[in-house]
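Please read the points below with the model open beside you, and look up each residue as it is named.

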Amino acid sequence: MKEEILNNPFFGVILSLISYRIGERLFRKTKLAVFNPFLISLLICIAFLKFFDIPLEWYNKGGDIIAFFLAPATVALALPLYRQLPLLRQYAVPVAVGGLVGAVTAIVSVVLFGKLLGIDNTLLVSFLPKSITTPLGLELSRMIGGVPAITVIAIMITGLTGNILSPAVYRLCRISHPVAKGLGLGVSSHVFGTNRALEMGETEGAMSALALVFAGLLTVGLAPLLKFLFGL
């Protein structure tokens, strides 16, 4: 009976939606970054599956449906980009430079800290795409010999960290320009960061969406080269 009810796509979809809704309500009531809806929904799903001893494969039947919409959702970010075209033309050079520096920094920092901590090369390679959106990160991980499952975890942790901590970091560093905020979030925290940027304003969201795509494409091109140069 348990398998008949839970071993179908609707279970994963419904659990994900309810968990996110709970996280969203908690965040709206408390306004605390620690109650980020993505983080709360993730914890609720994990706790539910563990408590009721439900196989991950059952949940993934619905989870895969949600994951399917990641790419279309990323493409939909073109709307705020279109609305901010004049601003994008005005800041074309800062966007290009910021995206390049951010992409290189994301990769090099992983390698340096990984080497310092003695992390295995396979694990290290899996961390390289941590700062780009999941569809690109998964394919890049496979291409350079990483473990896609580990890459997904790294991408989620990176995105959640940027989403939760970015307001405090901007206040601490006195960063107030909407273009700078958007670029920082898009380059470092991909879709999770862009979601936070859209909450800050349309300009921040547009710049983050542009930086997300630009940094992602740069990372796909640079990661194999830097992997070779660092001897991974």
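1. A residue is called buried when its relative accessible area is under 20%, exposed when that value is over 50%, and partly exposed in between. The model discussed here is a predicted one. Because its relative accessibility is 47%, Arg142 counts as partly exposed.

2. The side chain of Arg142 forms a salt bridge with that of Glu139, at 2.9 Å from N to O. These two residues are three apart in helix 10 (residues 134-143), so about one helical turn separates them.

3. In helix 12 (residues 178-200), Arg196 and Glu199 are likewise three residues apart, which puts about one helical turn between them, and their side chains meet in a salt bridge of 3.4 Å, N to O. Arg196 counts as buried because its relative accessibility is 9%.

4. Helix 2 (residues 9-30) holds Glu24 and Arg28, which lie four residues apart, about one turn of the helix, and a salt bridge of 3.4 Å, N to O, joins their side chains. Glu24 has 19% relative accessibility and so counts as buried, whereas Arg28, at 51%, counts as exposed. Arg21, Glu24 and Arg28 are linked in a network of salt bridges, and the whole structure has four salt bridges.

5. Which helix gives the most residues to the lining of the largest cavity? Helix 8 does, with four, and the residues that line this cavity include Gly102, Leu128 and Thr219. The cavity holds about 40 Å³ of space, and its lining has seven nonpolar, three polar and no charged residues.

Conventions: Residues numbered from 1 in each chain as written. Predicted model: local features only at pLDDT ≥ 70, side-chain atom pairs only at ≥ 80, totals over all residues. Heavy atoms only, no water. 1 Å grid on protein atoms, 1.4 Å probe; cavity = no way out; pocket = protein on both sides within 12 Å on 5 of 7 lines; lining within 4 Å. Points joined across faces, edges and corners; volume = space filled by probe spheres on them. Nonpolar A, V, L, I, M, F, W, Y, C, P; charged D, E, K, R; others polar. Buried < 20%, exposed > 50% of the residue type's maximum accessible area, 1.4 Å probe, protein only.
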